[in-house]
Amino acid sequence: TVPLTPTVNTATGTVSVARIEGTAAPASLELTAINWAAGASLVVTGANDDYADGDTDYTISWAVTGTDAVYTAIVPATTTLTNADDDVADVVVGPLFGAPDEASPTAFGTIEVVLSSMPSSNVVVALINSDPTEGTITSAPSLQFTPTTWKTVQTVSVTAVDDSADDDGTTWTITFRTTAGGETTGYATIADETLTVMNIDDDGVGVSCNAVGGVVTDEGGARFEIECELDTLPTSPVIVTP
């Protein structure tokens, strides 16, 4: 009888953390005078992790024990396997919940942000506002995710800026820009994510002409004034002709 004991070795790949990429069963294979030619099978199963570390090679080394001195002197060749990865490095930006409203500073929208896989080091996501005259990011200007907090959802809050223009339908964007110096699983080169925000406008187009003082003229030359004003900020001069 020749017991053959496998050892699944750790691997690092693109992540500088040694980890097991597979498991093997049974703990040992027994080859005897009966099954020596047919052989015995070892079942190897890939191990799941949360890193986007790509397809990673790992090895199984063997130890031969028993009383047959000829075989115990042999060191079998190491077996190399590949564990196919199923993770992707990405910043997941959810849709906008709620509607920023110019009429109410407490009417805000929220966006949920989270990473899709565990980074090898800290990841910072900067929030870039395309038009501060239309909207404000009221939460922190950046989000930080760590190897322990990467799957904790973080919330970005935005509000509308109240202006005097009838600009219903105007949009502004938030760019989510990732920086991850030294990170090795893909976050250092990830592309920007952009989300479009549309405010609810509280302005409407109108012209108001109202008398100032009395509203009676007479043949002696009494007069009064009428003042005309616009309800919202115009995009160019407006001529009002009586």
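How many bridges join S9 to S11, and do they run parallel or antiparallel? Four bridges join S9 to S11, and the two strands run antiparallel. Strands pair if DSSP finds at least two bridges between them.

## Model and overall make-up

This is a predicted model, in which local features need pLDDT of at least 70, side-chain atom pairs count only at pLDDT 80 or more, and totals for chains, interfaces and linings use all residues. Residues are numbered from 1 along each chain as its sequence is written, and side-chain values use heavy atoms, with hydrogens and water left out.

The protein chain holds one helix and 16 strands. These are DSSP runs, numbered from the N terminus: helices are H or I with at least four residues, strands E with at least two. The chain has 242 residues, and 29% of them count as buried. Buried means under 20% relative accessible area, exposed over 50%, and partly exposed in between (1.4 Å probe, protein chains only). Among contacts (heavy atoms within 4.5 Å) between residues at least 6 apart in sequence, 63% join residues at least 24 apart.

## Nonpolar cores

The largest nonpolar core has 25 residues. Such a core is a set of buried Ala, Val, Leu, Ile, Met, Phe, Trp, Tyr and Cys residues joined through side-chain atoms within 4.5 Å. Ile111, Val113, Val156, Ile174 and Phe176 touch the most other members. Strands S8 (108-115), S9 (123-129), S11 (142-145), S12 (154-160), S13 (171-179) and S14 (193-198) each supply at least two residues of this core. Another core lies apart from it, with nine residues, including Val8, Leu29, Leu42 and Val64.

Leaving aside neighbours within four places in sequence, Ile111 contacts residues including Val93, Leu96, Val156, Ile174, Phe176 and Leu195.

Side chains alternate along S11. Leu143 and Phe145 point to one face and are buried. Leu143 in S11 is the bridge partner of Val125.

Thr178 sits in strand S13. Thr178 counts as buried because its relative accessibility is 9%. Not counting residues up to four places away in sequence, Thr178 touches Val91, Val123, Val124, Val125, Tyr187 and Ile190.

## Surface

The protein chain exposes about 14100 Å², and carbon and sulfur atoms supply 55% of it. Accessible areas come from the Shrake-Rupley method with a 1.4 Å probe; for residues, only the protein chains shown count as cover.

Val240 follows strand S16 (225-230). Val240 counts as partly exposed, because its relative accessibility is 41%. Val207, Leu230, Val238 and Val240 form a nonpolar surface patch, with about 300 Å² of accessible area together.

Technical notes
Patches are made of residues with over 30% relative accessible area and no salt bridge: like charges are joined within 9 Å, nonpolar side chains (Val, Leu, Ile, Met, Phe, Trp, Tyr) within 5 Å. A salt bridge is a side-chain nitrogen of Lys or Arg within 4 Å of a carboxyl oxygen of Asp or Glu.
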